[in-house]
Amino acid sequence: MRVAEAWRVAIDALRANRLRSILTMLGVVIGVGAVVALVAIGTGTKRQIEQQVEGLGSNLLIVVPGRLDPGAAPSASTLTMDDVEAVTRVVGDRSRVAVTISSGETVRAGTRSAYASMQGVLETTPDVFVRHLDRGTYLTRTDVTTGRRVAVLGAGTARDLFGDRDPIGRQITIGGVRFRVIGTFEQLGQSLGVDRDSEVHVPVTAAQRLLGTQRIDGLAIRAPDRERIDALGSAVVAALVKRHPDTDFSAVTQEQILGVLGDILGVLTGVLAAIAGISLLVGGVGVSNIMLVSVRERTKEIGLRKAVGARPRDIGVQFLLEAVLLTTIGGVLGMALGISTALLVDRLTPVPAAVTWWSLALAFGVSAAVGIIFGVIPAQRAGRLDPVVALRTE
Amino acid sequence: MTQPLSGAEPAIVAVDVTRTYDLDGVSVSALRGVSLTVTAGDYVAIVGTSGSGKSTLMHLLGALDRPTSGTLRIGGRDVAALGPAEMALLRNETIGFVFQSFHLLARTTARDNVALPLVYRGVGRRERRARAAEMLERVGLGHRLDHRPNQMSGGEQQRVAIARALVTSPSVLLADEPTGNLDSTTGEQVLGLLESLNADGVAVVLVTHDRDVAARAHRQIVMRDGLIVTPVEEPAG
Ligand SMILES: Nc1ncnc2c1ncn2[C@@H]1O[C@H](COP(=O)(O)OP(=O)(O)OP(=O)(O)O)[C@@H](O)[C@H]1O
Ligand SMILES: [Mg+2]
């Protein structure tokens with residue numbers, strides 16, 4: 001039998017039982033759609049976080065108290081501005097050192113209020129991290145040394161408090177203390193569902209006074225080049241340990257953060273794909289089941305075809321094609337479902353999704369393979385039927 | 001593709017064939033040692049009581065089944081030496097089989113039903129359809145090409161089944177009670193068709209319960225309890 005003929009017979013058979021074919025396909029459609037959409041979400045999230053970490057700028061060292069390992073309890077910071085001075089001496093360049101003390105605060109302007117992350121920082125922050133202003137100016141060194149009550153607003157906070165009005169020069173209160181707005185940041189967007197634009201930068205000295213503390217939470221250093229980053233990290237940690245003999249400090253680079261995040265998200269994507277893969281498998285079992293039913297129903301037809309000269313192979317190929325057709329059509333529809341789900345999620349929710357070619361290829365390949373694997377047994381059964389016995393069945 | 005049959009090799013030779021069915025450990029002997037030769041251009045009628053083994057014998061002659069013992073040669077080939085695929089090829093090339101209950105594909109038009117054996121011969125669609133139409137014309141159904149079996153009478157369906165058996169130009173036509181389901185007029189038409197084919201040189205073997213039908217054949221074979229009991233007792237009167 002010619003291949004074209006076998007295709008036609010398979011298509012006719014699927015058409016004859018249209019509803020059943022569609023329902024059988026549905027299992028594969030959902031399985032493939034789930035693989036594509038979930039892998040897209042996993043990949044999109046990973047990519048977004050990578051971009052954000054990279055967006056911080058290159059050659060960055062983040063220094064925090066405590067050990068950076070997942071089991072360790074977060075330790076309370078004992079770092080103060082004196083430690084920052086010491087680190088600055090090690091680094092040799094004040095403009096390369098940034099600090100932060102952060103606290104969630106309610107910020108008010110007139111009758112409006114917004115919840116934001118208050119960041120006590122040095123004037124160096126826009127140089128160490130890559131941050132761009134939308135309007136106004138950033139903090140100055142004098143603002144920091146004198147603890148002046150001035151603030152730079154994140155795009156979201158500025159919009160919440162002032163709407164379309166220009167916030168520059170206006171008054172806000174943080175924890176009941178008045179600050180004057182001197183600048184606003186460009187919009188950053190969201191990350192893992194967290195709004196990154198709800199923030200207020202104030203001089204670290206003003207933040208410490210507001211919070212009634214001398215501590216800072218952590219500091220960041222921009223190394224002059226990649227080669228010196230590890231040495232610099234060790235030197236900074238050594239200087240800090242000398243000043244706080246009871247405390248561990250960690251200096252991590254972006255690469256390390258990316259590595260850890262990448263591992264976690266890679267595992268997450270894998271788990272999502274595996275769960276989706278199971279539903280694909282279930283779809284495959286459904287295909288197998290329906291093909292067995294189909295063989296039984298069409299036993300007489302098989303007997304007749306054999307009686308007029310169909311070889312076992314011809315019959316087997318016919319049923320195998322039918323199974324493969326079910327799963328590949330289901331696979332293509334599933335890819336369409338997965339892609340459109342991913343696009344919708346990406347557009348309508350904060351969750352990012354990026355469809356990858358490998359997931360499409362994988363999903364399609366697996367669905368075709370599922371058709372072959374789960375079609376073989378029914379096809380063999382059909383091929384082996386004895387023509388006389390088959391013709392006798394009612 | 002009719003097999004050129006030399007005078008030396010008859011179309012079908014069965015020597016002492018038996019066929020035993022195994023039913024849950026109990027063996028049923030449907031044929032208990034049958035010898036039969038069908039030569040090119042033969043016209044044989046098989047008669048006998050129900051359950052005497054006529055259909056079983058026809059299945060063997062048509063390469064649909066294998067004997068439990070004995071030798072069966074079809075178109076010069078010993079079926080014992082053939083695998084399932086070769087048996088299929090043999091059926092396709094040598095035999096035309098007309099079943100008592102037609103066995104047409106229900107969702108398929110008369111034309112495509114008739115063309116079915118050509119599918120497994122690798123004939124292209126266009127030629128298949130042309131040859132099927134030609135054959136339907138020949139059995140007087142040129143006006144029913146695109147009818148489905150449920151849109152045709154019993155006699156028409158039987159003629160479609162005959163056209164399907166003939167479309168491969170077989171050297172032997174086997175018909176198991178071809179007139180059993182038909183009224184006498186329609187039965188006569190079908191019989192006339194078989195006889196005209198026989199006149200063209202196709203060997204015809206038919207099973208019948210009708211003595212008048214059997215009497216028209218060149219030879220009659222009477223079966224009883226899985227054995228051939230010829231010579232035939234002529235009907236008295
Ligand atoms: N597949 C089978 N399994 C078991 N026994 C069978 C099978 N086919 C036929 N038989 C038995 O073999 C014997 C002969 O059957 P067969 O169909 O050849 O008879 P027949 O002469 O064609 O009868 P009828 O005139 O009723 O068609 C019967 O006893 C039948 O029960
Ligand atoms: Mg019978």
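First, the ground rules. This is a predicted model, in which local features need pLDDT of at least 70, side-chain atom pairs count only at pLDDT 80 or more, and totals for chains, interfaces and linings use all residues. Residues are numbered from 1 along each chain as its sequence is written, chains are lettered from A and ligands numbered from 1 in the order in which they are written, and side-chain values use heavy atoms, with hydrogens and water left out.

Let me start with the mixed sheet in chain B. Helices (H or I, at least four residues) and strands (E, at least two) are DSSP runs, numbered from the N terminus. Two strands pair if DSSP finds at least two bridges between them. With that, 6 strands of chain B make an open sheet in the order β6-β7-β8-β3-β9-β10, with mixed pairing. β6 and β10 (227-228) of chain B are at the edges with a single partner strand each, so each has one side without a neighbour in the sheet.

What runs parallel to β6(B), and over how many bridges? The partner is strand β7 (residues 172-176) of chain B, joined by 4 bridges. In that pair, Ile95(B) is opposite Val172(B). Helix α2(B) packs on the sheet and touches β6 and β7 of chain B, at about 85° to the direction of β6(B). Contact here means heavy atoms within 4.5 Å. For the angle, axes are lines fitted to C-alpha atoms, for helices over the stretch in contact, and angles run from 0 to 180 degrees between N-to-C directions.

Now look at β3(B). This strand pairs in the parallel sense with strand β8 (residues 203-207) of chain B over 4 bridges, and Val44(B) is opposite Val205(B) there. β3(B) also pairs in the parallel sense with strand β9 (residues 219-224) of chain B, over 5 bridges, where Ala45(B) faces Gln220(B).

Is β3(B) buried or exposed? Buried means under 20% relative accessible area, exposed over 50%, and partly exposed in between (1.4 Å probe, protein chains only). In strand β3 (residues 43-48) of chain B, 6 of the 6 residues are buried, so the strand is largely enclosed by the rest of the structure. In a regular strand the side chains alternate between the two faces of the sheet. Here Tyr43(B), Ala45(B) and Val47(B) are buried on one side, and Val44(B), Ile46(B) and Gly48(B) are buried on the other.

The other sheet in chain B has 4 strands in the order β2-β1-β4-β5; this sheet is open and antiparallel. Its edges are β2 (26-38) and β5 (77-78) of chain B, each with a single partner strand, so one side of each has no neighbour in the sheet. Strand β4 (residues 69-74) of chain B pairs with β5(B) over 2 bridges, and Arg73(B) has Asp78(B) as a bridge partner. Helix α1 (residues 54-61) of chain B lies across β1 (12-23), β2 and β4 of chain B, at about 60° to β2(B).

Over to chain A. In α6(A), 6 of the 8 residues are buried, so this helix is largely enclosed by the rest of the structure. Those buried residues include Ala155(A), Leu161(A) and Phe162(A). They pack against several strands of chain A, among them β5 (150-153) and β7 (177-185). Just after the helix, Gly163(A) has a positive phi of about 60°.

Further on, Ile168(A) is in the loop between α6 (155-162) and β6 (171-174) of chain A. At 30% relative accessibility, Ile168(A) counts as partly exposed.

On a 1 Å grid over the protein atoms alone, a cavity is a set of points where a 1.4 Å probe fits but cannot get out, and a pocket is an open set with protein on both sides within 12 Å along at least five of seven lines; lining residues have an atom within 4 Å of a point. Grid points are joined across faces, edges and corners, and a volume is the space filled by probe spheres set on the points.

The largest cavity has a volume of about 130 Å³. Its lining has 14 residues, and those closest to the centre include Ala307(A) and Phe97(B). β6(B) gives the largest share of that lining, 3 residues. The second largest pocket holds about 870 Å³, and α1(A) gives the largest share of its lining, 7 residues.
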